[in-house]
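Please read it alongside the sequence and the structure.

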Amino acid sequence: MPASDYTYLDHSFVAMAHRGGWLTPADAPRENTAYAFRRAVELGYGYLETDVHTTADGVLLAFHDDVLDRVTDATGPLKAWSWADLDGVRIAGIDPIPRFADLLEEFPHTRFNIDLKDAGSVQPLVDALKRLHAEQRVCVGSFSGARLRAFRRLLPDVLTSTTPRAVVWATHAFGLRRLFVDAGAALQIPQRDPGAPLALVRPDVVRLSHKTGRVVHVWTVNDEAEMHRLIDLGIDGLVSDDITTLKRVLLERGLWEGER
């Protein structure tokens with residue numbers, strides 16, 4: 001199904017708050033928290049980017065890492081902890097780790113871009129979306145093609161991004177054929193290949209994606225000049241931590257569609 005058929009993509013340009021983003025650098029450590037998401041929504045953002053992991057007892061959380069060490073006051077693999085055990089754990093020493101379903105309920109008019117971080121997240125995400133009738137409010141992606149395929153089998157009508165292999169093909173030779181057979185309607189790519197100095201976001205990639213009915217979203221862009229450069233290339237969305245700068249750029253370009 002082409003991107004234009006999805007309600008999720010009914011904005012001409014998609015501005016996503018990366019893990020909720022931050023208005024000031026002091027708030028940067030509070031990623032993927034209800035606080036960060038509230039601040040983004042208050043600023044007018046209608047799209048929030050997040051990640052999901054599951055606990056030992058299958059509770060779906062908005063959390064990026066597979067270990068607690070980097071952003072919380074606890075240590076060890078997240079999957080080793082039950083939801084009850086995480087009750088006292090705090091992100092940046094302040095915020096509890098949120099359940100993803102709670103975010104869907106707290107922000108009923110907000111759309112989420114979701115990265116499936118473990119195989120155990122697939123079924124709980126499907127269950128949450130069905131229970132809350134939120135199927136049209138999400139775009140689901142993953143660095144794992146297997147997870148994406150599993151999710152698509154369960155909810156085939158929900159918007160997904162292309163598989164990692166399709167991203168590689170789209171940005172190299174013979175990409176057209178690979179994109180034609182991939183089910184994802186959103187090509188979501190980083191500015192550059194982290195393993196090589198190859199520019200991934202190029203005019204030919206954008207043209208190829210649009211030719212196959214896809215939109216192009218680029219992550220994670222915090223530099224103002226780079227935001228302008230990518231918009232000039234014709235991309236359809238940006239993911240940023242610095243949500244104040246992104247909003248200002250989109251207002252200047254006449255592309256901001258959130259609350260002012």
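1. Arg111 forms a salt bridge with Asp10 (a side-chain nitrogen of Lys or Arg within 4 Å of a carboxyl oxygen of Asp or Glu), with the closest N and O atoms 2.7 Å apart. Because Arg111 belongs to strand E4 (residues 111-116) and Asp10 to the segment before strand E1 (14-22), the pair ties together parts that are 101 residues apart in sequence; helices (H or I, at least four residues) and strands (E, at least two) are DSSP runs, numbered from the N terminus. Arg111 is buried at a relative accessible area of 15%, whereas Asp10, at 47%, is partly exposed (buried means under 20% relative accessible area, exposed over 50%, partly exposed in between, with a 1.4 Å probe and protein chains only).

2. This is a predicted model, in which local features need pLDDT of at least 70 and side-chain atom pairs count only at pLDDT 80 or more, while totals for chains, interfaces and linings use all residues. Residues are numbered from 1 along each chain as its sequence is written, and side-chain values use heavy atoms, with hydrogens and water left out.

3. Glu31 forms a salt bridge with Arg19, the closest N and O atoms being 3.2 Å apart. This pair links distant parts of the chain, with Glu31 in the loop between E1 and helix H1 (34-43) and Arg19 in strand E1, 12 residues apart. Glu31 is buried, with a relative accessible area of 13%, and Arg19 is buried at 14%.

4. Arg248 and Glu224 meet through their side chains in a salt bridge of 2.8 Å, N to O. Arg248 lies in helix H9 (residues 243-253) and Glu224 in helix H8 (residues 224-232), so the pair ties together parts 24 residues apart in sequence.
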